[in-house]
Amino acid sequence: MKYLIKSILITVVAVIFVSFSFERTSAKILDFKDVQSDSYYYEAILRLGNEGVVNGFPDGTYKPEQKVTRVQAAIVLAKVLQLDIDDPSDPKFTDVPIKHPNFKEIAAVANAGIMNGSPNKTFNPNIYLTRAEMAKIIVEAFNLNQDISSSSIFQDVEPTQWYADAVQTLVKYGITTGITATTFEPKSPVTRGQFAVFIVKAKNSNNIVAGNGEYGSENGKSLEASFRSPSSIAISNNGGVLVSDTGNHLLRLVLNDKVSTFAGMIFKRDKAGQLEGGLYNDEKEYALFSEPSGISVDRDENIYVADSKNHAIRKISGDGVVTTIAGNGFQGHTDGLGEQALFNFPQDIAVSRDGVIYVADTLNHVIRKIDTSGNVTTLNTPSTRSIEVVSGVAEIAGDFQDGTLSEAKFNEPSGLALDSKGNLFVADTGNQLIRYINFTNNTVSTVAGKLNSHNAFYATGGYKDGKAKESLFSAPRGISVTTEGGLLIADSLNHAIRYLKDGRVKTIGDNFNNPTDVVQMNESILVVDSYSNRIQKIYFNE
């Protein structure tokens, strides 16, 4: 009952903060009289406006249904792609002299091979851009890997047409589904609203590592595979990307541009048609999980999983056998050896170099330790704070206290990351904080975030970069230490990736939909974008 009630609260809070995350940077866009928040182009116009790419009209409108000319498209693309317009070479279009007010933008996109002129050396700047032309331009501008196909999903796009492969590519990357399910309308002009949506989706598409955005469990090519509310990620020793596909009760593997099922199997559905998990140990292809979440890989390629809804910690050995090392499927809070211990919806896990396992035991509001003998102990004080949910019915909520480890208190901790010293960062989700456990001193301190007043179960979240202890978060989840010792934070209800280093917090990515985990992989940052059902990446120069 407790988890159900709090899940509902989280959902409500999520809806509130979806709106908040845009309002914090978008007051100007919200003033457009003709851009409604329930329109399909609202968020795209919002984002491009905040980036200074598009503007409105003096009368306070954006005119999203107005047709886009070729010169308008060139101006937007030059800004979005940050093309060099200081001194571009002259493409010598007869209708775009050097004195043309937008010569530099037109020359820049032409020199980049993004927009070409006609054989008669005209650019036709004031001609309306068609959807077919837009498809070709988008593919070129964002270097999308073209999908060459002998067939088309649209009745009005013949496979032999010059734009057919580009249209198919936009479908492949989830940039468009057409005007209808069967028509693309390639000869129709592009509107300002449509163009904004295409630009924003194309900007994001090149960052998709895996997932087509749909709910499902399809394996195959990375961009065609599907997930169901994935939550966590880890990098295996062979460079593969392990994903906790939470809603499918599976562990998936992304490797060599393909997605496969690494462990678990789909068991059955309940009366409402929802997938059900289970608790069963066997070879990894036949084992059962229930809402697996946090993943950690040790030096011997053993994989550890916080199997949340089974209230258990599972292990997948290097030879592919799944065992339960702590917990037994029952909910509770009991220390003890292995399966004698009880957990309450553990969300994350971290394994030290010497084999000690740390667990974010989320709904018990504590951090647990599993030593190399399998003995489970609780490191901090459980909360005793009580909240009346309905009249006469109270539930235990999390709490806050820094100081000695044994006396410290947390509120739904759900992310863990060990640093190079063997100390532990904790995403204290319900308190909207990042905490730090120093095992040498046996202390807990707050290193980022500012504790605001509690609203029922949770502290009030917010959004603010800057000095670490003045920064604000909204349901921080998965965290990961970078090679330079900074901390990546999946700030889930701000739909952003934040970075903590040298006493400051900054946002390094903010175009996500409930990101729940993040990890550095070579020169990029991989993000589990849970509500988008995708694994995405961003590039980050530390």
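**Working through the model**

A: Let us begin with a hairpin, which β11 and β12 form with five residues between them, and where G320 in the turn has a positive phi of about 85°. Please keep in mind throughout that this is a predicted model.

Q: Which way do strands β11 and β12 run, and how many bridges join them?

A: Strand β11, residues 312-316, and strand β12, residues 322-326, run antiparallel, and four bridges join them.

Q: And what is the bridge partner of I313 in β12?

A: The partner of I313 is A326 in β12.

Q: OK, switching to helices: which residues of α7 are buried?

A: Helix α7 covers residues 164-172, and its buried residues are A164, A166, V167, Q168, T169 and L170.

Q: Which residue just after α7 takes a positive phi?

A: That is G174, which comes just after α7 and has a positive phi of about 70°.

Q: New topic, holes: how many cavities of 30 Å³ or more does a search of the whole structure find?

A: The search finds one cavity of 30 Å³ or more, and the largest cavity holds about 40 Å³ of space.

Q: Which residues line the largest cavity?

A: The lining is made up of S231, S232, S293, Q347, D348, S414, R477, G478, T516 and D517. The elements that give two or more residues to this lining are β28, at 476-481, and β32, at 515-521.

Q: How many of the lining residues are nonpolar, polar or charged?

A: By class, the lining of the largest cavity has seven polar and three charged residues, and no nonpolar ones.

Q: Zooming out, how many helices and strands does the protein chain have?

A: The secondary structure of the protein chain comes to eight helices and 34 strands. The chain is as compact as a globular protein of its length, because its radius of gyration is 26 Å, close to the 24 Å that the globule rule gives for 542 residues.

Q: What does the C-alpha trace span along its principal axes?

A: It spans about 80 × 50 × 45 Å along those axes.

Q: And what share of the residues is buried?

A: Buried residues make up 54% of the 542 residues in the protein chain. As for contacts between residues at least 6 apart in sequence, 51% of them join residues at least 24 apart.

Terms used. Residues numbered from 1 in each chain as written. Predicted model: local features only at pLDDT ≥ 70, side-chain atom pairs only at ≥ 80, totals over all residues. Heavy atoms only, no water. 1 Å grid on protein atoms, 1.4 Å probe; cavity = no way out; pocket = protein on both sides within 12 Å on 5 of 7 lines; lining within 4 Å. Points joined across faces, edges and corners; volume = space filled by probe spheres on them. Nonpolar A, V, L, I, M, F, W, Y, C, P; charged D, E, K, R; others polar. Pairing = 2+ DSSP bridges. Buried < 20%, exposed > 50% of the residue type's maximum accessible area, 1.4 Å probe, protein only. Rg over C-alpha atoms; globule rule 2.2 N^0.38 Å. Contact = heavy atoms within 4.5 Å.
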